[in-house]
Amino acid sequence: MDKGKKIWRKNLIKSLTLGVFLFLLSFTFEPYNQGQLALVLMLFIGVLSLTVLTGASGQISLGQGALMAVGGYASASLITNLGASIWVGFLVAVSATAIFGLILGTAAARVSGPYLAGTTLVIALALPSVANRFESVLGGDVGLIVDFGTPPAWISNLIEVGYEQWQLWVALPVALTALFFTSNLMASRAGRSWQAVRDDEIGAAVSGIPVARTKVIVFVVSSAIAGLGGALYGLRGLVGPSVYPVSLSLTLLTAAILGGVGSIAGAFIGTLIVVFLPDLIDWAISGLAISEQFSNYLPSLLTGVLLLATIIINPAGVMGAGHRRKH
Amino acid sequence: MNTFISTLITGTANGAIFALAALGLVIVWRGAGVVNFAQMGQAMFTTYIASNLINSGESYWLAFIVALISGSLLGMIIDLLIMRPLAHKKSSSSTKTLAATIPVIASLGILAILQALAGIFWAGEERGFPTPVNSFYFKNGAGTLPFSAFNLFVIGVVLIVLLLLTYFFTQTGVGLGMRAAALNPEVARLSGIKVSRMRTLSWAISGAAGSLAGLLITPSTNLSPNTLDLILIIAFTAAVVGGLDSPLGAVIGGLILGIGIALVTTYGSPENVFLAILFLLFAVQLIKPNGILGGKQVRRG
């Protein structure tokens with residue numbers, strides 16, 4: 001009990017420190033980089049959802065972007081149709097995606113390994129058809145237009161806030177909440193029982209852990225986190241099929257793998273890499289005479305190479321090295 | 001009535017191609033325990049090679065052969081450079097739980113690299129791909145017949161390939177060796193079968209099958225780095241429907257999907273194709289998770 005409280009307090013201090021650091025750092029940034037940092041935080045939540053799924057069940061999902069889309073659509077349809085505030089939108093996004101995850105998890109608990117990967121990929125691909133099928137609510141190909149709005153008067157009277165900065169200020173508390181929740185969860189009794197199921201199903205069952213139910217719960221929690229990230233991601237301007245393409249799911253997976261599967265710090269590092277890699281490449285080749293065709297495909301090429309290199313050199317990812325030393 | 005028959009024939013021809021792609025997935029899954037998400041990326045790459053040969057004035061048939069050979073070479077290279085080292089790598093405790101998913105991630109990385117390279121080499125814009133025979137519907141005195149010469153060509157080619165593969169896997173020593181290596185690697189090794197060589201061979205055969213599927217489907221989809229992603233999804237669904245470890249199941253699954261998709265496109269709307277695929281995938285996994293012809297212990301990993 002005492003130990004649990006200590007972890008709880010440690011995680012709170014860690015999350016708050018990161019929050020204050022990023023908040024102060026954002027004042028030194030150009031608007032473009034403030035927007036990029038906000039993007040990192042949004043995708044970070046999506047990667048966290050994979051960290052929970054993979055870290056707690058050993059499975060990978062190629063359709064996490066589709067779960068983000070569920071959250072995005074849930075909040076956006078509420079905001080555009082009923083005029084709800086974005087904060088209510090977040091809550092609804094989480095609950096709607098949790099329900100979706102429950103349905104999916106019930107089917108997915110029976111499925112494993114490559115089967116789950118393929119099925120989630122199909123879900124991600126089927127998304128535009130669903131959006132078209134229910135065009136009146138979901139806006140079809142175009143989607144639903146939403147945004148972060150403007151800061152409330154008590155903030156804008158105090159200090160002038162740019163749109164990118166406001167994005168960051170909304171994304172920051174949401175991402176920190178997800179971070180705090182996830183880090184506590186993985187260290188909690190529930191989180192440890194999930195990892196027990198992951199490492200040895202029979203052993204876990206013998207210890208009195210309900211294996212089938214646990215698998216479904218992991219899916220529900222992972223989906224709910226993805227939904228939160230998706231709602232935030234959609235607020236950048238549009239919730240539509242083009243915002244949550246299959247490549248989004250693959251980006252999330254790449255970030256999770258690069259950083260180190262199951263590691264929360266790794267999730268953050270991986271997200272930083274995938275968001276800033278294109279900028280970094282642009283900067284690196286700006287002096288060179290390279291055709292546009294080449295530079296267009298360079299990020300994708302490097303991502304693939306990084307992914308393969310990670311898998312071959314150290315499958316545990318950037319943060320995995322430290323984990324291994326402990327054993 | 002004519003619409004219905006032509007839908008059925010087009011569906012069967014496309015289904016034959018899906019069957020081929022699904023068969024490629026099944027061969028690598030049985031032979032090496034990997035679901036190869038890069039398969040149609042490899043096929044896209046070799047179809048580009050064929051397309052470039054044709055554009056530079058070579059004959060279709062030369063391009064056809066070159067594509068098949070480069071398809072099997074690409075499969076071998078992927079196994080030798082990436083998949084075999086991965087399989088031999090000792091798994092540390094933190095990655096043991098990921099053992100089943102690591103090859104999947106590797107195949108996604110390969111897919112990304114192949115698509116980027118194709119984009120860099122051959123531009124990102126779509127181009128057409130020719131057929132060796134006429135792809136317009138036959139005409140006779142009474143009117144238009146509901147199928148084209150290309151439909152018949154596709155069905156014929158796939159039929160020949162299926163017969164050859166059946167002969168190979170049931171009558172030849174190498175084919176039987178491959179099945180033994182897939183069924184029980186330890187015992188096969190004791191009987192003197194070179195198991196890792198058999199694995200490489202599965203990658204080569206699967207690569208050639210995928211390439212052939214690519215050559216046959218691109219006339220109707222056009223060619224760009226991403227066009228064959230859809231075929232991979234359909235082939236995966238076909239393989240799951242038929243049972244991932246059953247070659248016959250893959251063929252049946254491919255035909256079911258081909259005819260089903262043709263019917264949905266003609267009588268429903270093309271937009272619903274994905275929903276239909278998703279529904280089929282869920283239904284099979286809930287009702288018969290091992291597929292129509294799958295064995296009892298399919299879901300390793």
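Predicted model: local features only at pLDDT ≥ 70, side-chain atom pairs only at ≥ 80, totals over all residues.

Reader: How do you know what confidence the predictor has in chain B?

Author: The score is pLDDT, the predictor's confidence in each residue, from 0 to 100. Chain B has a mean of 86, with 89% of its residues at 70 or more. Within chain B, helix α2 (residues 39-55) has the highest confidence, at 94, and α4(B) the lowest, at a mean of 53. Residues 297-301 of chain B fall below 50, and this stretch has 12 contacts in the model beyond near neighbours in sequence. For the complex, the predictor gives an ipTM of 0.81 and a pTM of 0.86.

Reader: Why are α1(B) and α9(B) called roughly antiparallel?

Author: Axes are lines fitted to C-alpha atoms, for helices over the stretch in contact, and angles run from 0 to 180 degrees between N-to-C directions. The axes of α1 (residues 2-32) and α9 (residues 195-221) of chain B come within 8 Å and cross at roughly 165 degrees. Angles under 35 degrees count as roughly parallel, over 145 as roughly antiparallel, 65 to 115 as roughly perpendicular and the rest as oblique. α1(B) and α9(B) are therefore roughly antiparallel to each other.

Reader: What makes up the contact of α1(B) with α9(B), by class?

Author: The contact has 15 nonpolar, 5 polar and 1 charged residues. Nonpolar means Ala, Val, Leu, Ile, Met, Phe, Trp, Tyr, Cys and Pro; charged means Asp, Glu, Lys and Arg; the others, Gly among them, are polar. Among the residues making the contact are B:Leu20 and B:Gly24 of α1(B), and B:Arg199 and B:Trp203 of α9(B).

Reader: How many residues of chain B are in contact with chain A?

Author: Two residues are in contact if their C-beta atoms, placed from the backbone, lie within 7 Å. By that criterion, 45 residues of chain B are in contact with 46 residues of chain A. The largest share of the chain B side, 14 residues, comes from α5(B). By class, that side has 29 nonpolar, 14 polar and 2 charged residues.

Reader: What makes residues 12-32 of chain B 100% helix?

Author: Helices are DSSP runs (H or I, at least four residues), as are strands (E, at least two), numbered from the N terminus. Residues 12-32 of chain B are 100% helix and 0% strand, with end C-alpha atoms 29 Å apart.

Terms used: Residues numbered from 1 in each chain as written. Chains lettered and ligands numbered in written order.
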